[in-house]
2 protein chains.
Amino acid sequence: MTAPDAQSPGPRAPASGGSVVISVDAMGGDRGPAAVVAGIAESAEKNSEIRFIVHGDGDLLKRLIDKRRGLAERCDIRHASGVVTMDDKPSQIVRKGEGTSMWSAIESVKQGEATVAVSCGNTGALMALSMIRLRKLPGVNRPAIACLWPSRNPSGFNIMLDVGADIRADAPDLLQYAMMGASYARNGLGVPDPRVGLLNVGTEEHKGRAELKEAHELIGQAAATGGFAYVGFVEGGDLPSARADVIVTDGFTGNIALKTGEGTAKLVGDFLREAFANSFMSKFAALLAMTSLKRLQKRIDPRRVNGGVFLGLNGTVVKSHGSADATGISAAIKLAFQLAKSGFQDRLAARVAQSVAVAQAEGGESSEKGAAT
Amino acid sequence: MTAPDAQSPGPRAPASGGSVVISVDAMGGDRGPAAVVAGIAESAEKNSEIRFIVHGDGDLLKRLIDKRRGLAERCDIRHASGVVTMDDKPSQIVRKGEGTSMWSAIESVKQGEATVAVSCGNTGALMALSMIRLRKLPGVNRPAIACLWPSRNPSGFNIMLDVGADIRADAPDLLQYAMMGASYARNGLGVPDPRVGLLNVGTEEHKGRAELKEAHELIGQAAATGGFAYVGFVEGGDLPSARADVIVTDGFTGNIALKTGEGTAKLVGDFLREAFANSFMSKFAALLAMTSLKRLQKRIDPRRVNGGVFLGLNGTVVKSHGSADATGISAAIKLAFQLAKSGFQDRLAARVAQSVAVAQAEGGESSEKGAAT
């Protein structure tokens, strides 16, 4: 973390146009603020409904934004001189993070100026700051990070959560993840009746840890009133399949699965490139197949599925990959916009309240059938 | 499970040639005994050192083996009329499994007729039978299943364990997995100084569950005497990397990671095929790139990495994929041969004894430097 200087208000321009406000932390990503502003510009061009509050070094941001035609009117710059680095410990940022661009970006959501915050900074610090500034939704024990996963589903994606907010989850937590994930699928991916699966080492009911068997019961009971279908246990091989739209697991397992999947896709991609670079004939073939290969690349491009969403807080935060480029950041902003536009936060809060009631009833049947939120 | 009939000895032929005897369960795979015998024939042709004891329906096996020139002299057929199916519960097989080909295949190892057993039947039943017939090595708390994982290492593979023998593992178990995995890397993959990593959600020392922090200490202390290098915590993305040769985790996480990796590789492969089938031009390109694509396919072909090895028992058992074809079964037999030939079982037992001493010393330094076994 670099030390914040005195809280100078920085250059401000009244932002105009657009009905949805997204708060963007411009610092802390691996590629620096230029990549973030390029991503903002890409989103602004594609979608006239978005306005931005951009947090970071005011002078630098002004220069970067002024370079892009028409962007200044869409952006409100908030100067923050401190930067959370990838090496900063979350506990340290919680104590001393005021004055950083990350803190400032979250504050805009807390104050109601923006609906969703986007950052490509340090995940642990972002979660810690989000927790202390936005606070957990009433009834939420462990917030979760949800990611999108390329799959054979019509939408092209599955949602998996938790992928690393907390390394533990007991049965009521897993039930909340199911409710929150289903709400995200409806509002973020537009899936009206999401199918929820619980990640386990086999699909048979007798398999797995005790908390999974308990969660299996709880989620099954909550499905009807929760507005989702429960498909039961799913396995690692089902993550990219069309068996479920939402896959629920604890943050330890989810993090390992996410990184394993990314690493494997990258390995296969690298092998593919090596295979095509092997001979003159194969290079020529690659040239001919360019369109097809590009289509393939687009389907598995991690930049297109960029954006982990923090769920279970009083406010929505989208975590972009640290290494995201303009395309990746624009994808994260698009996701933030969709969630903001759909009124996701209020719908999610309603679902969480419902999951608390289900868990408290401990299997007692509820006759109330909730509207799909 | 089909009921075994009276224990008829079945047709026997004295097996000749070859110095290493592998016991093969010919039944219970998805493709039936014909695929298994085809795999045996492939291995027999490639490697004159192997002899086989083949377990299953005696008449059927005799017909299948007699069809292949020269194979009958290399095979000793053991009739077993019972078959363990994929739906059989392990507990049921433990009680009533005597007379099945799986039981008989393990018995050949127990009796010392064969060095390693190979089966493509029901994993849970195979582990349960192996446990009760072969028994755990003295000092082993939880046996493990180790799998091979395509990676950027010179050998082309990493070893990961446990991938599903037990859903739990505490710190001393994880230490044993490190010792057993290193021994497997030396004897199965020919890596003289294996690098061992411990799977976690981050590489920083403060991350992860309590048992992982404890295992981190134990494995670090055991590295020097255990004849391996400890690289510390590794993440999911490191599974296909060249950071480690052996990756240690509990059976729950390992199973999820293994299936996620397989599922992701399959998804990318399917997308690739679809991309090339898309237009005339891309089909033509695929034709031109055939050699390169075949090379790629070979690198990520799951049949080539076929074979989970059960570690921690008084005898080595190789579990082949249920859906393995001749190529896959031949790969599993090749692995079994390498392990048998290297005297793996005795070396492993020596390592386990050492790990027990290390765990008992609870961090006490041992000055004894073991030979690389």
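These legends describe close-up views of a predicted model.

**View 1. Overview of chain A.** Chain A holds 12 helices and 11 strands. Of its 373 residues, 59% count as buried. Contacts between residues at least 6 apart in sequence were examined along this chain. Among them, 74% join residues at least 24 apart.

**View 2. Helix α4 of chain B, an enclosed helix.** This helix runs over residues 101-110. Of its 10 residues, 9 are buried, so α4(B) is largely enclosed by the rest of the structure. Gly112(B) follows α4(B) and has a positive phi, near 80 degrees.

**View 3. Helices α6 and α12 of chain B, packed together.** Helix α6(B) covers residues 171-188, and α12(B) covers residues 344-361. An angle over 145 degrees counts as roughly antiparallel, so α6(B) is roughly antiparallel to α12(B). The crossing of the two helices is right-handed. On the α6(B) side, the contact is made by Pro172(B), Leu175(B), Gln176(B), Met179(B), Met180(B), Ser183(B), Tyr184(B), Arg186(B) and Asn187(B). On the α12(B) side, it is made by Phe344(B), Arg347(B), Leu348(B), Arg351(B), Val352(B), Gln354(B), Ser355(B), Val356(B), Val358(B) and Ala359(B). By class, this contact has 11 nonpolar, 5 polar and 3 charged residues.

**View 4. Helix α7 of chain B against α12.** Helix α7(B) takes in residues 210-226. Its axis is 10 Å from that of α12(B), and the packing angle is about 135 degrees. The two helices are therefore oblique to each other. The crossing of α7(B) and α12(B) is right-handed. From α7(B), the contact draws on Leu218(B), Ala222(B), Thr225(B) and Gly226(B). These meet Arg351(B), Gln354(B) and Val358(B) in α12(B). The residues of this contact divide into 3 nonpolar, 3 polar and 1 charged. Arg351(B), Gln354(B) and Val358(B) also belong to the contact of α12(B) with α6(B).

**View 5. Pro150 of chain B, in strand β5.** Pro150(B) lies in β5(B), which covers residues 144-150. Its relative accessibility is 19%, so Pro150(B) counts as buried. Ser241(B) is 91 residues away from Pro150(B) in sequence. In space, the two are 8.7 Å apart, C-alpha to C-alpha.

View 6. Most peptide bonds are trans. In chain A, a cis peptide bond joins Leu161(A) and Asp162(A), with omega about -10 degrees. Asp162(A) is placed in the loop between β6 (157-161) and α6 (171-188) of chain A. In chain B, a cis peptide bond joins Leu161(B) and Asp162(B), with omega about 0 degrees. Asp162(B) is found in the loop between β6 (157-161) and α6 of chain B.

View 7. Most residues other than glycine have a negative phi. Arg135(A) is not a glycine, yet its phi is positive, near 70 degrees. Its place is in the loop between α5 (123-134) and β5 (144-150) of chain A. With a relative accessible area of 53%, Arg135(A) is exposed. Arg135(B) has a positive phi of about 70 degrees, and is likewise not a glycine. Arg135(B) belongs to the loop between α5 (123-134) and β5 of chain B. At 54% relative accessibility, Arg135(B) counts as exposed.

Notes:
Residues are numbered from 1 along each chain as its sequence is written. Chains are lettered from A and ligands numbered from 1 in the order in which they are written. This is a predicted model: local features need pLDDT of at least 70, side-chain atom pairs count only at pLDDT 80 or more; totals for chains, interfaces and linings use all residues. Side-chain values use heavy atoms; hydrogens and water are left out. Axes are lines fitted to C-alpha atoms, for helices over the stretch in contact, and angles run from 0 to 180 degrees between N-to-C directions. Helices (H or I, at least four residues) and strands (E, at least two) are DSSP runs, numbered from the N terminus. Angles under 35 degrees count as roughly parallel, over 145 as roughly antiparallel, 65 to 115 as roughly perpendicular and the rest as oblique. A crossing is left-handed if the near helix is turned anticlockwise from the far one by less than a right angle, and right-handed if clockwise. Contact means heavy atoms within 4.5 Å. Ala, Val, Leu, Ile, Met, Phe, Trp, Tyr, Cys and Pro count as nonpolar, Asp, Glu, Lys and Arg as charged, and the others, Gly among them, as polar. Buried means under 20% relative accessible area, exposed over 50%, partly exposed in between (1.4 Å probe, protein chains only).
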